[in-house]
Amino acid sequence: MLQLRFGCQTYPWKMGKKYFGEVPHMLEVAFKAGFQSLEAEIDMLGEYFDKPEELKELLAKNHMTFAALVLHQDWEGEEQTEEEKALSNKAIAFAGHFPFAKIMLSHHAGETPRGDGEVLAKRRTNLIGCMADVAAQAAEAGIVCCFHPNSAKNSLFRTAEDYEVMFEMITPTAVGWAPDVGHIENGGMNALEVMKAHRNLIRHVHFKDRISQNEWAIMGEGTIDYPAIMKFLDETNYRGWIMVEDESPRATEDSDAVVMQDGAYMCEQIQK
């Protein structure tokens, strides 16, 4: 049996455009599916982002742990804007209510072209600089922050070349790395090889399965060798959380069923 812990990300429910703020429902389903913790985006928490003590009670009721809060910001300037700083401060204060909870730093460029040359370099410098400021402040409160790059076409870090730049930039900072296996593979890399090469930076892990370019799958129905990845994490004594963040099309139709299927897959693999 593998000595790994796994939890559920709220994204499947976001895919279905349901249950925003319906934390009791999400916790109940995740626990039934066999998950041990929850990672949430701020908008999915709804009013509970302002009521962390009530969230703690719900977690205890459902025998769940709060693993991480997703802090998504633009971070385009050389320093955080006042609005960004306010949200970062609130995120740090929120995470402080949950022992060992991490803050996952997220940046999606959306429709903004990523640029190239000096433009791209400047955007990367600003992004990592702002994240480093957040991570340094969080570290003073005993909270670990980690960067979750993604493979969207306008992402600032999505290919093997991009990742090497990213690793050079975050290594001197308090920003850890949260590898998303699906996004790494979608960026044309072998996730296991990249994780082996930069194991020292891993603080948090995301799983999502994939069939082909930009075609996501329910766990176990894609082409990624997850048993090999879990074996590697176990053998290298990874004791952080593995969060399943399903983005398969079926999550838009029946988020609960997808979470249940993902949980069954993870339970089966862990117990082998």
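Predicted model: local features only at pLDDT ≥ 70, side-chain atom pairs only at ≥ 80, totals over all residues.

Biologist: Which residue does Asp-50 form a salt bridge with?

Modeller: Lys-90. The closest N and O atoms are 2.4 Å apart. Asp-50 sits in the loop between helix 3 and helix 4, and Lys-90 in helix 5. They are 40 residues apart, so the pair links distant parts of the chain. Lys-90 itself is partly exposed, at 35%.

Biologist: How many salt bridges does the count come to?

Modeller: The count is 16.

Biologist: What about Glu-245 and Lys-208, buried or exposed?

Modeller: Buried. Glu-245 has 6% relative accessibility, and Lys-208 has 1%. Their side chains meet in a salt bridge, 2.9 Å from N to O. Glu-245 is in the loop between strand 10 and helix 11, while Lys-208 is in the loop between strand 7 and strand 8. That is 37 residues apart.

Biologist: Which residues are linked with them in a network?

Modeller: Asp-180 and Glu-247. Together with Lys-208 and Glu-245, they are linked by salt bridges.

Biologist: And Lys-231 with Glu-235, how are they separated?

Modeller: By about one helical turn, because they are 4 residues apart in helix 10. Lys-231 is partly exposed at 46%, and Glu-235 is exposed at 51%.

Biologist: Switching to backbone. Which residues other than glycine have a positive phi?

Modeller: Tyr-19 is one of them, with phi of about 65°. It is in the loop between helix 1 and helix 2 and is partly exposed at 27%. Trp-75 is another, with phi near 45°. Trp-75 is in the loop between strand 3 and helix 5, and is buried at 1%.

Biologist: What is Ser-88 in contact with?

Modeller: Leaving aside neighbours within four places in sequence, Ser-88 contacts Leu-71, Gln-73, Trp-75, Gln-80 and Val-134. Ser-88 lies in helix 5 and is buried, at 1%.

Biologist: Last one, helix 2. Which residues are buried there?

Modeller: Val-23, Met-26, Leu-27, Val-29 and Ala-30. They cover an arc of only 170° around the axis, so they are on the same side of helix 2.

Biologist: What do they pack against?

Modeller: Strand 1, helix 1, strand 2, helix 3, helix 4 and helix 12.

Biologist: And what follows helix 2?

Modeller: Gly-34, with a positive phi near 100°.

Terms used:
Residues numbered from 1 in each chain as written. Heavy atoms only, no water. Helix = DSSP H or I, 4+ residues; strand = E, 2+ residues; numbered from the N terminus. Buried < 20%, exposed > 50% of the residue type's maximum accessible area, 1.4 Å probe, protein only. Arc of directions from axis to C-beta. Contact = heavy atoms within 4.5 Å. Salt bridge = Lys/Arg side-chain N within 4 Å of Asp/Glu carboxyl O.
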